[in-house]
Number of protein chains: 2
Amino acid sequence: MNACIIAVGSEMLTPFRVDTNSLFVTEHLNTIGVDVRMKAVVGDDVAELTALVRGALEWADVIVMTGGLGPTEDDITRDAVARVLGVSMSENEAVVSRIRERFAKRGITMPEINRRQGMVPDGATLVENPNGTAPGLWIEHGRTAMVLLPGPPREMKPMFEAIVRDRLASRSGGEGLFRRVIKITGRTESDVDATVQPIYGPWQSQDVPISTTILAVLGQIELHLTARAADRVAAGRALDAAVGELQGALGEAIYSVDGLGLEAVVGQALRDRGLTIATAESCTGGLLSSRLTDIPGSSAYMQQGVVCYSNESKTSWLGIPAALIEEYGAVSEPVAKAMAAGIRAKTSADVGVGITGIAGPGGGTPEKPVGTVAIAVSAAGDERVRTFQFFGGRELVKFQSSQAALNMLRLLLGYPRS
Amino acid sequence: MNACIIAVGSEMLTPFRVDTNSLFVTEHLNTIGVDVRMKAVVGDDVAELTALVRGALEWADVIVMTGGLGPTEDDITRDAVARVLGVSMSENEAVVSRIRERFAKRGITMPEINRRQGMVPDGATLVENPNGTAPGLWIEHGRTAMVLLPGPPREMKPMFEAIVRDRLASRSGGEGLFRRVIKITGRTESDVDATVQPIYGPWQSQDVPISTTILAVLGQIELHLTARAADRVAAGRALDAAVGELQGALGEAIYSVDGLGLEAVVGQALRDRGLTIATAESCTGGLLSSRLTDIPGSSAYMQQGVVCYSNESKTSWLGIPAALIEEYGAVSEPVAKAMAAGIRAKTSADVGVGITGIAGPGGGTPEKPVGTVAIAVSAAGDERVRTFQFFGGRELVKFQSSQAALNMLRLLLGYPRS
């Protein structure tokens, strides 16, 4: 089966925005063996959208449209589809009263304009939207299934997952694509590629062929394995074997084989071992503690964080001797160690982290240029410290620092267990 | 003039890639007044590409195609365009010998396959490619100019700049598009739309027409104003007047008229007034301090942050009486106020912030459901506190909380000045 994905919205035709919904939609269509043959972005213009949909109806088995279901005049998806299909629209009372209730819950009277969101083309089925006002629409026309979804990702994603599961999976019938994401940190892309290329080469010609894509994203490398198989079980067996080979070659550089982020892996490790953690951050400004607390249930292990930007606050809050800072400089391994030990002592957490560095753009020197970051992790009987040289601007340095700190924590805690 | 941008290449139809060439092309087309009305990505399939180009020829003044000019069978752009136009192709000797020379310089004999890159549809003009083997092609067909460029950005970009300068600018008639982004927080999309629609309606028919797009992103609303004018000065005047009208209608709900983010506006306010700040966060876990320190030079005002997840740490680090927490609960306005006052007292910062809430997914109660967040800001002689009810999962609640706290700080500091 072939699919066309259309994103509607003039803002995605500016130089500042890309459509990312289509990546999510593609991934989920691929899983059930549906091939995306074309994707397009059109503005809030009925005539152009109409022409595009008419063209796609000639060849596509599935047309997924995101956006343009809001309450304003700019929201034209419903109208364009009704026009292409030559059907009329009518107001659905149930939808309008659901929208009215959502507003009422927040103590607001529904603006009259929102009634537009209750207009439904004849023959369409409603798709429930648990996270917003506009329902989605499912319309069958000849061989083609049309899916209309709201644009905001948090509304669109659960709705599309439900559609794939409940309506599309049974129609597709073909071989599915099944993926596994291996996450690696602390190695370069070319280094990882050189190590794994001899391994993944032969996978292409297996009974269940697996293709491999290597992807360098900020602070980590991802290996995306894609198996083509008739069912999930056969794909799972082949992928498990492939992952095992990669683990043999890359060892502890792999931090996750199931897509989990580094903060989730560290959280899992702390939780499993019943340990608490406290953080002392300078250049990351709270990003490390924020990432640690992105994980649901992190209050079980996250005890305390401090952001000590000034030298004075490092002394008064963490008890770091002014003389130590004087001797080695605020950005140094001794100070990072004293921060990790200091926050542990002050909070009686089991694990402490200290980060001190130069995020830039100012503050660099020839000996310690922008991007120099010292990180220490400390637990009973085990203390580690490293100095990194990161590249890029302020936000990149902050992110890479938090990533390196999480990785040092993971290795300190011995995760994932081999 | 209206443009269509088409990227050719199956790799851009996977879940891992987005086409970014189109952003560069859009930006350069906009400056000479060409409007991008549609963009699309198609795979390496002659039939689908042919259908798409045929559709675009019906309405587009400019069709820019990137990719598919390489030497392999997968490179089908030339063939598809020749087919649509019903012209034949012939090998251009000059192009082939240029390619042969490029290979020779690297000591390699040109593979025969590369002769495909010398195939030119009848009627096409060559566009020089200083950074690669494949030349670009310029083809005029009726009212439409078609531009075929290679996909790699370092080849495509200088070629497209030359085309805009030498060929397209004079055709477009010179009116450019100029943009302004207005950012608003603390109001709903439909509320903002209802307020500003009567204002921006008439702008369309001005001497310098301005079109308006309203965009709801997480925790804020953006109004994108686009003026069409012969030059930057005329556009600037019209946009200034438009922004003034919006400020009159929306007042302090507008936090920026030049695209600046909320953390940058707060930083500007602190810096201008020579004030320092300290943060006490519970449910945001350091996200507020991290956002404040995303701004270069924030060490001038960011003094200290603490993340107090447990009640005990609120008491021991911020001096909040256990009895207060007991009486009102950790998530309450009195505790938020005590956190803001406590961090100010402990650090002698000029401004303090306290955030306490339930980020979820656990911890909610009927009286205080997930998403309940109390935020206090405190400065000499001025203290404000509010309770919010945010929606969505953990990360959304964290972000909206940090956004609301930054907005309360901005209003406390009286920014932007009216």
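## Surroundings of B:Gln220

The side chains of B:Gln220 and B:Glu222 are joined by a polar contact of 3.3 Å. B:Gln220 also uses its side chain in a polar contact of 2.6 Å with the side chain of B:Tyr255. These values come from a predicted model.

B:Gln220 lies in strand 11 of chain B, which covers residues 220–229. B:Gln220 counts as buried because its relative accessibility is 13%, under the 20% limit. Leaving aside residues up to four places away in sequence, B:Gln220 touches B:Lys183, B:Ile184, B:Thr185, B:Leu215, B:Tyr255 and B:Gln403.

## Interface of chains A and B

Between them, chain A and chain B bury about 5,400 Å², with 58% of this area on carbon and sulfur atoms. The contact involves 68 residues of chain A and 68 residues of chain B.

Six salt bridges are counted between chain A and chain B. The side chains of A:Asp294 and B:Lys398 form a salt bridge, with an N to O distance of 2.7 Å. On the side of chain A that touches chain B, the elements giving two or more residues include helix 1 (21–31), strand 2 (35–42), helix 2 (46–57), helix 12 (333–347) and helix 13 of chain A.

## A nonpolar patch on chain A

Helix 13 of chain A, residues 394–412, contains A:Leu396. Together with A:Leu218 and A:Phe391, A:Leu396 makes a nonpolar surface patch of about 260 Å². A:Leu396 counts as partly exposed because its relative accessibility is 33%, between the limits of 20% and 50%.

Methods: Residues numbered from 1 in each chain as written. Chains lettered and ligands numbered in written order. Predicted model: local features only at pLDDT ≥ 70, side-chain atom pairs only at ≥ 80, totals over all residues. Heavy atoms only, no water. Patch = residues over 30% accessible without salt bridge, like charges linked within 9 Å, V, L, I, M, F, W, Y side chains within 5 Å. Areas by Shrake-Rupley, 256 points an atom, 1.4 Å probe, with all protein chains shown as cover. Salt bridge = Lys/Arg side-chain N within 4 Å of Asp/Glu carboxyl O. Helix = DSSP H or I, 4+ residues; strand = E, 2+ residues; numbered from the N terminus. Buried < 20%, exposed > 50% of the residue type's maximum accessible area, 1.4 Å probe, protein only. Contact = heavy atoms within 4.5 Å. Buried area = accessible area lost by both parts, 1.4 Å probe. Polar contact = N/O pair within 3.5 Å; in protein donor to acceptor, adjacent residues only side chain to side chain.
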